[in-house]
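Student: I have a model open and would like to go through some of its contacts and packing. Could you take my questions one at a time?
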Amino acid sequence: MSATSHLSLRSLISEDLATAKRRDPAARSSFEIALLYPGVHALWLHRLSHRMWVTSRLLRFPARMLSELARTFTGVEIHPGAVLGRRFFVDHGMGVVIGETAEVGDDVLMFHTSTLGGRSMSKGKRHPTVGDRVVIGSGAKVLGPISIGDDVKIGANAVVVKDVEPGAVVVGVPGHVRPNPRPDDEYPIDPAIYI
């Protein structure tokens with residue numbers, strides 16, 4: 001069952017517009033977002049294709065066709081089987097890939113060319129489970145049936161193949177947890193400095 005299945009598509013569209021406006025400092029209006037944001041368009045088409053996917057096996061082929069159309073027009077590839085939480089936002093969007101068995105929590109932010117992908121071609125759970133309030137930097141690859149805890153920040157171009165505890169900052173290839181700076185360090189405490 002989808003995390004958003006109890007909400008109407010209209011409610012989700014409203015919430016998605018508000019999320020994009022809140023998340024993107026360049027956003028000027030809901031009208032602009034509705035017309036010009038491919039990450040939002042991809043999300044809306046995913047919400048529809050996912051509803052089709054979970055409603056009936058007979059609708060799975062049309063759901064896949066819709067997701068392929070979405071990829072063609074937005075540059076964002078989200079399998080209709082993926083479960084996306086509320087207030088999800090893809091900034092810029094081009095090249096984002098989210099696999100079939102991925103599960104994404106609420107208030108997650110993904111940047112362009114990031115991937116929630118698999119490490120094998122086997123059946124079953126093969127994509128990540130991402131907690132709430134996670135930020136995935138541009139170019140980051142989160143691979144396999146791993147768990148990413150709540151409030152994790154994943155740096156740009158990191159490759160994450162192991163579980164990550166809540167609140168961690170992950171950087172590098174392979175991804176490793178970066179210690180948060182101490183208050184007396186020359187860097188600010190905000191973990192976004194690593195993203």
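Student: Leaving aside its neighbours within four places in sequence, which residues is Thr115 in contact with?

Tutor: Please note that this is a predicted model. Beyond its neighbours within four places in sequence, Thr115 is in contact with Val97, Met110, Ala140, Lys141, Val142 and Leu143.

Student: Is Thr115 buried or exposed?

Tutor: Thr115 has a relative accessibility of 13%, and the cut-off for buried is under 20%, so Thr115 counts as buried.

Student: And which strand is Thr115 found in?

Tutor: Thr115 belongs to strand β7, which covers residues 115–117.

Student: Met110 was on that contact list. What is its bridge partner in β9?

Tutor: The partner of Met110 there is Ile136. Strands β6 (residues 109–111) and β9 (residues 135–136) pair in the parallel sense, over 2 bridges.

Student: What is the strand order of the open sheet of 6 strands?

Tutor: The order is β3-β6-β9-β12-β14-β15, and the pairing is mixed. β3 (89–91) and β15 (176–178) are at the edges with a single partner strand each, so one side of each has no neighbour in the sheet.

Student: Changing topic to helices: at what angle do the axes of α3 and α4 cross?

Tutor: The axes of α3 (residues 38–55) and α4 (residues 60–74) cross at roughly 175° and come within 8 Å. The two helices are therefore roughly antiparallel.

Student: Which residues make the contact?

Tutor: Among them are Leu45, Leu48 and Met52 of α3, and Ala63, Leu66 and Ala70 of α4. The residues of this contact divide into 10 nonpolar, 4 polar and 2 charged.

Methods: Residues are numbered from 1 along each chain as its sequence is written. This is a predicted model: local features need pLDDT of at least 70, side-chain atom pairs count only at pLDDT 80 or more; totals for chains, interfaces and linings use all residues. Side-chain values use heavy atoms; hydrogens and water are left out. Two strands pair if DSSP finds at least two bridges between them. Helices (H or I, at least four residues) and strands (E, at least two) are DSSP runs, numbered from the N terminus. Buried means under 20% relative accessible area, exposed over 50%, partly exposed in between (1.4 Å probe, protein chains only). Contact means heavy atoms within 4.5 Å. Axes are lines fitted to C-alpha atoms, for helices over the stretch in contact, and angles run from 0 to 180 degrees between N-to-C directions. Angles under 35 degrees count as roughly parallel, over 145 as roughly antiparallel, 65 to 115 as roughly perpendicular and the rest as oblique. Ala, Val, Leu, Ile, Met, Phe, Trp, Tyr, Cys and Pro count as nonpolar, Asp, Glu, Lys and Arg as charged, and the others, Gly among them, as polar.
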